[in-house]
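Visitor: Could you take me in for a close look at one part of this model, and then show me what the packing around the rest is like?

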Amino acid sequence: MKKYIINGRFLVRKITGVERYAREIINELDKLVEPNQIIIAVPTMEVDFPQYANIKVVKVGKKKEKSGVSEALWEQIEYPRFVKKENGIAVNLCNKFPILYNKGIVAIHDVSYKVNKNFFDDSLRGRMAILLHEVTYWCAAHSSMKIVTVSQFSKSEIMKYYGIPPQRITVIYNAWQHMKRIENASDTFQRYPELVKGSYYFSMSTLAANKNFKWILYAAKNNPDKQFAIAGGGKL
């Protein structure tokens, strides 16, 4: 039986939505699979990686300093080399995959880079990010890869913009189980005395344009007698 080898680059990255999705999928998979049926390949870096009961974490490639460039090169070169060596099935859970090894499974969370280009920075970095995602998604569409996405809406968008037949796309919804592991912050109202319990509207996310925070600001502007609290990061 072939092994599934998960691209573990997300384990060395800051946790945002796609990294959270990957971590929670693996937490649940670990309860279901036999030992050594699934491997997570990770870059060889000075990082504390999680330990699982049945899923094995394997450091792959030469030792590197932690940086975006070294992680990207690892993902494109060393990870697929390891998959080939092990005769495994590649699993990529965070939108990206090795472009020259477009086989296996890839999770595409949305096609915002295709649909809403105006949401992203009009800088060299922003334009490069759009180009990279578009090339990646085009390669996935024109390969035999199995595609996973997070909602029926995202599935319909992928089909619409990339012409992928529905049978190639499986919906696996976002996790919520990590909320069970978050302890209540009992000092919140001491730290933020301007908040009155039960009397404000709370929103949490990054402040990227595709998160639609402009509607929160619109609602706040039109309801000056109400209180709105926003937690998140990035530019607005």
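This is a predicted model: local features need pLDDT of at least 70, side-chain atom pairs count only at pLDDT 80 or more; totals for chains, interfaces and linings use all residues.

Guide: Ser154 counts as buried, because its relative accessibility is 8%, under the 20% cut-off. You'll find Ser154 in helix α5, which runs over residues 152-162. Skip its neighbours within four places in sequence, and Ser154 is in contact with His109, Asp110 and Thr149.

His109 also turns up beside Leu93: not counting residues up to four places away in sequence, Leu93 touches His109 along with Ile6, Val18, Tyr21, Ala22, Ile25, Ile26 and Ala107. Leu93 belongs to the largest nonpolar core, a set of 24 residues, and is among the members touching the most others, together with Ile6, Phe10, Leu11, Ile26, Ile40 and Ile55. Helix α1 (17-32) and β2 (38-43) each supply at least two residues of this core, and α1 gives the most, with five. There's a second, separate core of 14 residues, which includes Phe97, Ala140, Met145 and Tyr162.

Now for the rings: the whole structure has five aromatic pairs. One of them is Tyr137 with Tyr162, edge-to-face at 6.1 Å centre to centre and 85° between the planes. Tyr137 sits in helix α4 (residues 124-141) and Tyr162 in helix α5, so this pair ties together parts 25 residues apart in sequence. Both partners are tucked away: Tyr137 is buried at 2% relative accessible area, and Tyr162 counts as buried at 13%.

How values were computed:
Residues are numbered from 1 along each chain as its sequence is written. Side-chain values use heavy atoms; hydrogens and water are left out. Helices (H or I, at least four residues) and strands (E, at least two) are DSSP runs, numbered from the N terminus. Buried means under 20% relative accessible area, exposed over 50%, partly exposed in between (1.4 Å probe, protein chains only). Contact means heavy atoms within 4.5 Å. A nonpolar core is a set of buried Ala, Val, Leu, Ile, Met, Phe, Trp, Tyr and Cys residues joined through side-chain atoms within 4.5 Å. Rings of Phe, Tyr and Trp (its six-membered ring) pair if their centres lie within 6.5 Å; planes under 30 degrees apart count as stacked, over 60 as edge-to-face and the rest as tilted.
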